[in-house]
Amino acid sequence: DTYIKIAALIHDIGKPDTFVFGDEIGRCPGHPEKSAEHWLDIAAALKVDTFTKDRVYTITKYHDLYFRPEQVLLKKWLHKFGPELVYEILEIKRADNLAVGCDVTQLIEMFDNIKVMLDDIIASNQCYSYKQLAVTGADLIDRGITGKRVGELLKDILYKVIAEDLPNDRNVILAEIDKYI
């Protein structure tokens, strides 16, 4: 995939700008964001199309995203980025982490587990987006909720479903919504 190849090439170019040394360890805090900024300059100079520019920017900016084999966390990332981008970010994160040069057996197992979990979340149609939510804005409007409150309430409900604090069941969600009326 072109976006992943470009991101792999440039994902750490911001490290020299952010390098600090302390406690006998060198660190590069904020390097993903700095690398993504550098990419924008490179993309402009190369006259890269907007989609590629934006896609590589996002992969680069979030290549250090926190991944663990935790279903709620993965659904949050699926909600924020969508499946295709989550898989791309995960691929860069995996390659970056495996390049440490020591025993990576546990890392390989962890990343494999994360991919299996993502596959399962998607295949089993678990809710991580408004499109999958068992209720819509029309359901809230039918209950007399109007204006910005519709979006705010849908967002709250979706986040509760993603966090597994509320099942994605129409009747249960409508009962929860009725508490706000």
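Start by selecting Asp 23, which sits in the loop between strand E1 (20–22) and strand E2 (25–27). Keep in mind as you go that this is a predicted model. Check the backbone here: Asp 23 is not a glycine, yet its phi is positive, at about 55°. Is the residue buried or exposed? Asp 23 is exposed, with a relative accessible area of 74%.

The relative accessible area of Glu 24 is 74%, so Glu 24 counts as exposed.

**Next stop: a helix pair**

Select residues 31–46 for helix H3 and residues 50–61 for helix H4. Two packed helices are described by the angle between their axes and the distance between them. For H3 and H4, the axes come within 8 Å and cross at roughly 160°. Angles over 145 degrees count as roughly antiparallel, and H3 and H4 are therefore roughly antiparallel to each other. Their crossing is right-handed.

Show side chains to see which residues meet. On the H3 side, pick Pro 32, Glu 33, Ser 35, Ala 36, Glu 37, Trp 39, Leu 40 and Ala 43. Their partners in H4 are Thr 52, Lys 53, Val 56, Tyr 57, Thr 60 and Lys 61. Colour this contact by residue class and you get 7 nonpolar, 3 polar and 4 charged.

**On to H5**

Select residues 71–81, which make up helix H5, and highlight Lys 75 within it. How much of this lysine is accessible, and is Lys 75 buried or exposed? Its relative accessible area is 4%, so Lys 75 is buried.

To see what is around that side chain, leave out residues up to four places away in sequence. Lys 75 then touches Ile 121, Gln 126, Cys 127, Tyr 128, Val 161, Ile 162 and Glu 164.

Widen the view to the rest of the helix. Along with Lys 75, the buried residues in H5 are Leu 73, Leu 74, Trp 77, Leu 78 and Phe 81. An α-helix has 3.6 residues a turn, so residues three or four places apart point the same way.

Terms used. Residues numbered from 1 in each chain as written. Predicted model: local features only at pLDDT ≥ 70, side-chain atom pairs only at ≥ 80, totals over all residues. Heavy atoms only, no water. Axes fitted to C-alpha atoms, helices over the stretch in contact; angles between N-to-C directions. Helix = DSSP H or I, 4+ residues; strand = E, 2+ residues; numbered from the N terminus. Parallel < 35°, antiparallel > 145°, perpendicular 65-115°, else oblique. Left-handed = near helix turned anticlockwise from the far one by under 90°. Contact = heavy atoms within 4.5 Å. Nonpolar A, V, L, I, M, F, W, Y, C, P; charged D, E, K, R; others polar. Buried < 20%, exposed > 50% of the residue type's maximum accessible area, 1.4 Å probe, protein only.
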